[in-house]
Amino acid sequence: MPIRLAVFDMAGTTVKDDNVVLNAFISSMEQFAFSVLPHEVNRVMGLHKPQAIRLLLQSRLPSGEITNELVEKIHQSFEEQLLRFYKDDSSVREISGASQVFRKLHEREVKVALNTGFSREIKDALIRRLGWDKGLIDFSIASDEVEAGRPHPFMIKELMKKTGVINPSEVAKIGDTPVDLEEGETAQCGLVIGVTSGAYEAADLSKYYHDCIVSDVLEA
């Protein structure tokens, strides 16, 4: 069955990351006296960000001390850092060829959508900064706009509603983290593609459900 909707992750998949998200996690945790290592942050990449922060705290605090207030304060610091970067830093750019891929999909009458573990505010700021709001993508959704983020299928299901795609076998999911691939699996997407342009190598992604693993979106 032909693909009618392609759902791409953002940071690490269509947006060049250069460890910006990882460093924002580490810095925001350090502001509250929690030291985290890069490999710990990589394990929670792709998740709804408050959920990721809560998971990082679980190995550092008793469960009763992980309050919503603490999670929100750390998340606010994380958001502020990323918003400043995505709005102002001159190094913000797409993964090479992402816009080209979006145009080619449109030529084939495939709808293009973005989904992300970022908040809606960060998602929208980044889309505007890259100029993708000028006809390059059809829809986008953030994990704080649905009842639960990845690996749950809710973001993809909502994008299917917006595009009128009923059969998940007509959906392709493309992402750079294990939870991207798990999201594609739980949503029963017809095509699930891992890319190694982000936080994970092919050997790591190959342990999870996938149809293929490629170096970047140009090969997808």
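Modeller: Buried means under 20% relative accessible area, exposed means over 50%, and partly exposed covers what is in between, using a 1.4 Å probe on protein chains only. This is a predicted model, in which local features need pLDDT of at least 70, side-chain atom pairs count only at pLDDT 80 or more, and totals for chains, interfaces and linings use all residues. Residues are numbered from 1 along each chain as its sequence is written, and side-chain values use heavy atoms, with hydrogens and water left out.

My pick is α8, residues 178-186; helices (H or I, at least four residues) and strands (E, at least two) are DSSP runs numbered from the N terminus. The buried residues of α8 are Pro178, Val179, Asp180, Leu181, Glu183 and Gly184. Their cover includes the strands β2, β4 (171-175) and β5 (191-195), together with the helices α7 (154-163) and α9 (202-205); contact here means heavy atoms within 4.5 Å.

Both sides of α8 are worth a look. Thr177 sits in the loop that runs from β4 to α8, and with a relative accessibility of 2% Thr177 counts as buried. Setting aside neighbours within four places in sequence, Thr177 is in contact with Met45, Gly46, Tyr200 and Leu205. Just after α8, Gln188 takes a positive phi of about 60°.

Now to strand β2 (111-116), one of the elements covering α8. Val110 lies in the loop between α5 and β2 and, at 7% relative accessibility, counts as buried. Val110 and Leu5 are 105 residues apart in sequence, yet their C-alpha atoms are 5.4 Å apart in space. Leu5 is also among the residues that Val110 touches; the others are Ile3, Arg4, Ala6, Leu105 and Asp138, not counting residues up to four places away in sequence.

The aromatic rings come next. Rings of Phe, Tyr and Trp (its six-membered ring) pair if their centres lie within 6.5 Å, with planes under 30 degrees apart counted as stacked, over 60 as edge-to-face and the rest as tilted. By this rule there are five aromatic pairs. In one of them, the rings of Phe8 and Phe102 have centres 5.3 Å apart and planes at 65°, so this pair is edge-to-face. Phe8 belongs to strand β1 (residues 5-8) and Phe102 to helix α5 (residues 98-107), so the pair ties together parts 94 residues apart in sequence. Phe8 is buried at a relative accessible area of 2%, and Phe102 is buried at 0%. Ring pairs also link Phe8, Phe102 and Trp132 into a cluster.

Helix packing gives two cases, with axes fitted as lines to C-alpha atoms over the stretch in contact and angles running from 0 to 180 degrees between N-to-C directions. Helix α4 (residues 68-88) and helix α6 (residues 120-130) pack at about 10°, their axes 9 Å apart. That makes α4 roughly parallel to α6, given that angles under 35 degrees count as roughly parallel, over 145 as roughly antiparallel, 65 to 115 as roughly perpendicular and the rest as oblique. On the α4 side the contact has Glu79, Leu82, Leu83, Phe85, Tyr86, Lys87 and Asp88, which meet Glu121, Ile122, Ala125, Leu126 and Arg129 of α6.

The axes of helix α1 (residues 20-30) and helix α3 (residues 49-58) come within 12 Å and cross at roughly 55°; α1 and α3 are therefore oblique to each other. Val21, Phe25 and Met29 of α1 make this contact with Lys49, Ala52, Ile53, Leu56 and Leu57 of α3.

Last, some backbone details. Arg150 and Pro151 are joined by a cis peptide bond with omega about 5°, and Pro151 is placed in the loop between β3 (139-142) and α7. In the loop between β1 and α1, Asp18 has a positive phi of about 55° although it is not a glycine. Asn19, found in the loop between β1 and α1, is not a glycine and has a positive phi of about 65°. Asp18 counts as partly exposed at 47% relative accessibility, and Asn19 counts as partly exposed at 45%.
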